[in-house]
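The sequence and the structure are shown first.

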Amino acid sequence: MVLSTLRSQFPTLEQSNDGYPLCYLDTAATSQKPQSVIDAMAHYYRFDNANVHRAAHQLSARATSQYEAVRDKLKQFINAERRQEIIFSHGTTESINIVANGLTEQLSKGQLILIDSAAHHANIVPWQQLAKRTGAQVKPIPLTADQRLDLNAYKVLLQQQPAIVALSHVSNALGTLNPVHELVSLAKQAGAITLVDGAQAIAHMNVDVQAIDCDFYVFSGHKMYGPTGVGVLYGRYDVLDKLTPLMTGGEMIKSVSFEQTEFNILPNRLEAGTPPIAEVIGLGAAIDFIESLPRDQVHAEEQALLNYLQDELRKLGDIVLYAAHSDNIAAVAFNLADEHHQDVGILLDQQGIAVRCGHHCAMPLMQTLGLKGCCRASIGVYTNKADIDNFINAMKSVKELLL
Ligand SMILES: Cc1ncc(COP(=O)(O)O)c(C=O)c1O
C-alpha cells in the first residue's frame, strides 16, 4: 500500500483535536500540504525573495528561473503543447473569470452558453455575468435521475450550437466524474469553445489536455497538495491569445505611453502585476510530490478507499447517499436521515473528524436534489483505512445521539 506510507510527509495530520487524532476528510475543500511544499516556499522567502522578470540582480534572476521552471513543469504535467499556454492565476475562480471576461468581445446577443448543472458557483456565476454583459443566454445541462450529466439532453442542447460549453471534470459536491473527452468532442463538433474545470480532478487522475482536446482547463494549487493563492489557466494558444485581458497594468505590457498601450505576448499578457511567486514555487514542489508517486497505483488505492467509505456508510443504515457511484472521485455526499447536515458536522468535529457540510458552492445542484445541503467526506493521498473506520465509528455515535 502506497497511501499508508505518505501520511508522515504531511505535518498537519500529526495533531489531535481534544484528544482525538485528527481525521481530515475535507481534502476536496483544500488538501493538506507535504513538508516539501512548505520547505520550498520557506526556502524562497529565506534565500531568493525578489520580484520576477524585473531586475538585473541575482536574487531576481533566481526567483524568475524558479517561477518560470514551474511553467515548464506544468506544461509537461498536463501535456500542454507550449509553455505559453500555461497562465498563473490565483485559483480556479480567477482562471474562469479570466476566460469568461476575456470572451466578452467575442460573444453576441442571443448566443448560448451551456453549463454543467452540478457545477461549482465558480463555473456558473462568471458565465451569468458574461451573459449579462453580452445578452447571451446561459442554460444548464440537465442531470439524469442518478445525477450524471444527461448525455441525450446534452446532445439536444448542442443542436442549438452553443458558443461556449463549460463543464466540470469532477463534481465537487458529489464526486461524480464526467466523461470529458466525449463531452468536449461533441461540443467541438457543434462549434463551441470548451472549458473544463479540473479543480477536483487534477490531484486524483492523470490529466492530458491535448487528449481531452478542450480549449481551456483550469485548477487550483491548494487542492493538489500545493499552496493557496495560486491557480492555473491552461488555454489552447490560438484561443487563449484572443482573450481580452481581465487585468491590466505592469508585466502584461510591451510598451506604454500616455496615449496608448501595446500588450505583451503570452503568457505575460494575462499575468498582470506581481504574481504569487512563492505560491508558484510551492506549486512546483507539489507537482514534484505528485510525480514522485506511482500514480496509477495511488489512484487505484484511492478508488478502493472511496468504495470502502461508500460501502461502510451504506452498512451504517439511515444514511442517504447522493450519486454514490463506484467510479466517483475522492468524495462522498450524504445526509443522516432528515438530520441537519450542520448538526452532523459539529458532532463529528467533536470527535476529531473534519468533513464539509453545506451547499458546497453548488446551490443550483442542491435545488435539483431538493436539499438545503449535505455532508461531504473527501479523501487524499494521506487518507488511510483507519481514518474511514474512525469516521464510521464517530457516525455511529452521532446516529445514536440524533436518531
Ligand atoms: C470544482 C470546483 N471549481 C472551482 C472551485 C473554486 O476553486 P478556488 O476557490 O480555489 O478558486 C472549487 C473549489 O472548491 C471546485 O471544487
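In this predicted model, His121 touches Pro126, His359, Cys361, Ala362, Met363 and Pro364, neighbours within four places in sequence being left aside. Its side chain comes to 3.3 Å from the backbone nitrogen of Ala362. His121 belongs to the loop that connects strand 5 (112–116) with helix 5 (125–134). Between the C-alpha atoms of His121 and Ala278, which lie 157 residues apart along the chain, the separation is 27 Å.

An open sheet is built from seven strands, ordered 4-10-9-8-7-5-6, with mixed pairing. Strand 4 (86–89) and strand 6 (137–141) each have a single partner strand and therefore stand at the edges, one side of each lacking a neighbour in the sheet. On average, neighbouring strands are turned by 20° against each other, direction ignored. Strand 9 (residues 216–220) and strand 10 (residues 231–235) run antiparallel and are joined by five bridges; Ser220 is placed opposite Gly231 of strand 10.

| Helix | Strands involved | Angle |
|---|---|---|
| Helix 3 (residues 58–77) | strand 4, strand 9, strand 10 | about 120° with strand 4 |
| Helix 4 (residues 92–102) | strand 4, strand 8 (193–197), strand 9, strand 10 | about 155° to strand 9 |

The structure contains zero disulfides. For Cys23, the nearest cysteine sulfur is that of Cys357, 13 Å away. Cys23 is buried, its relative accessible area being 1%. The sulfur of Cys374 has its closest cysteine sulfur in Cys375, at 6.9 Å, which is too far for a bond. Cys374 is likewise buried, with a relative accessible area of 0%.

Conventions. Residues numbered from 1 in each chain as written. Predicted model: local features only at pLDDT ≥ 70, side-chain atom pairs only at ≥ 80, totals over all residues. Heavy atoms only, no water. Disulfide = S-S within 2.5 Å. Buried < 20%, exposed > 50% of the residue type's maximum accessible area, 1.4 Å probe, protein only. Helix = DSSP H or I, 4+ residues; strand = E, 2+ residues; numbered from the N terminus. Contact = heavy atoms within 4.5 Å. Polar contact = N/O pair within 3.5 Å; in protein donor to acceptor, adjacent residues only side chain to side chain. Pairing = 2+ DSSP bridges. Axes fitted to C-alpha atoms, helices over the stretch in contact; angles between N-to-C directions.
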